[in-house]
Amino acid sequence: MERTLVLAKPDAVQRGLVGEIISRLEGTGLKLVALKMVWMDTEMARRHYGIHRGKPFFDGLVQFITSCPLVAAVFEGPKAVEIARKAMGDTDPARAPSGTIRGDLALDIGRNIVHGSDSVENAEQEISLFFKPEELFSYERQIKPWIIES
Ligand code: DAT
Ligand code: MG
């Protein structure tokens, strides 16, 4: 089953929006399989955002993401990557539609409160950076047939 990494970033922690972010993603029907608070160090941040190295916003991004603890979660379900990204809305909150996490709760691209993996391959890599295999839980939900047809 597909998995995706979600981060409620330091701005979400500071603003008290962690619960709302997790709640909105739970509301999609995706299954929460891992959750913890993490204070990223510079090395971990540079690895997580490695694809953006060299871009003008990179140093600020690393500074921001390491400035305060964040909350990391893994959600599982069919098309988990796409579903979670859709719930978050566009990277720039000004372009994110109402009804999305960023569209409703953020203003600034550099303070967009949430991260979601952008592909299944990147999700696997990102999840392994944040979680040990034994921190990912495998369990059944009785409600599953009411969320997933087959
Ligand atoms: P996303 O988080 O939607 O996957 P991304 O991978 O392109 O977006 O960028 C990672 C983060 O970097 C993004 O959430 C916020 C920051 N960022 C991206 N573009 C930026 C910009 N032009 N100015 C400031 N921060 C930016
Ligand atoms: Mg990205």
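This is a predicted model: local features need pLDDT of at least 70, side-chain atom pairs count only at pLDDT 80 or more; totals for chains, interfaces and linings use all residues.

**First stop: Ser67**

Select Ser67, which counts as partly exposed because its relative accessibility is 40%; here buried means under 20% relative accessible area, exposed over 50%, and partly exposed in between (1.4 Å probe, protein chains only). Ser67 sits in the loop between α4 (58-65) and β3. Helices (H or I, at least four residues) and strands (E, at least two) are DSSP runs, numbered from the N terminus.

Residues are numbered from 1 along each chain as its sequence is written, chains are lettered from A and ligands numbered from 1 in the order in which they are written, and side-chain values use heavy atoms, with hydrogens and water left out.

**Along to α5**

On the way to α5, click on Lys79, in the loop between β3 (70-76) and α5. What is the phi of Lys79 near? Phi is near 55 degrees, a positive value in a residue other than glycine. Lys79 is exposed, as its relative accessible area is 52%.

Next, pick Ala84, which is found in helix α5. Is Ala84 buried or exposed? Ala84 is buried, because its relative accessible area is 1%. Select Leu5 as well: Ala84 and Leu5 are 79 residues apart in sequence, yet 9.0 Å apart in space, C-alpha to C-alpha.

Carry on to Ala94, in the loop between α5 (80-88) and α6 (101-105). With a relative accessible area of 67%, Ala94 is exposed.

**Past α6**

Jump to Ile113, in the loop between α6 and β4 (114-116). Ile113 is not a glycine, but it has a positive phi of about 60 degrees. Ile113 counts as buried, because its relative accessibility is 0%.

**Last stop: ligand 1**

Now show ligand 1 and the residues that surround it: Lys9, Tyr49, His52, Phe57, Leu61, Arg85, Thr91, Arg102, Ile109 and Asn112. Each has a heavy atom within 4 Å of the ligand. Color this shell by type and you get 4 nonpolar, 3 polar and 3 charged residues.

For Asn112, an N or O atom in the side chain is 2.9 Å from a ligand 1 oxygen, and for Arg102 a polar side-chain atom lies 3.2 Å from an oxygen of ligand 1. Polar contacts are pairs of N or O atoms within 3.5 Å. Taken alone, ligand 1 exposes 510 Å², and the protein buries 74% of that (Shrake-Rupley method, 1.4 Å probe).

Methods:
A polar contact is a pair of N or O atoms within 3.5 Å; within protein, one must be able to donate a hydrogen and the other to accept it, and residues adjacent in sequence count only if both atoms are side-chain atoms. Ala, Val, Leu, Ile, Met, Phe, Trp, Tyr, Cys and Pro count as nonpolar, Asp, Glu, Lys and Arg as charged, and the others, Gly among them, as polar.
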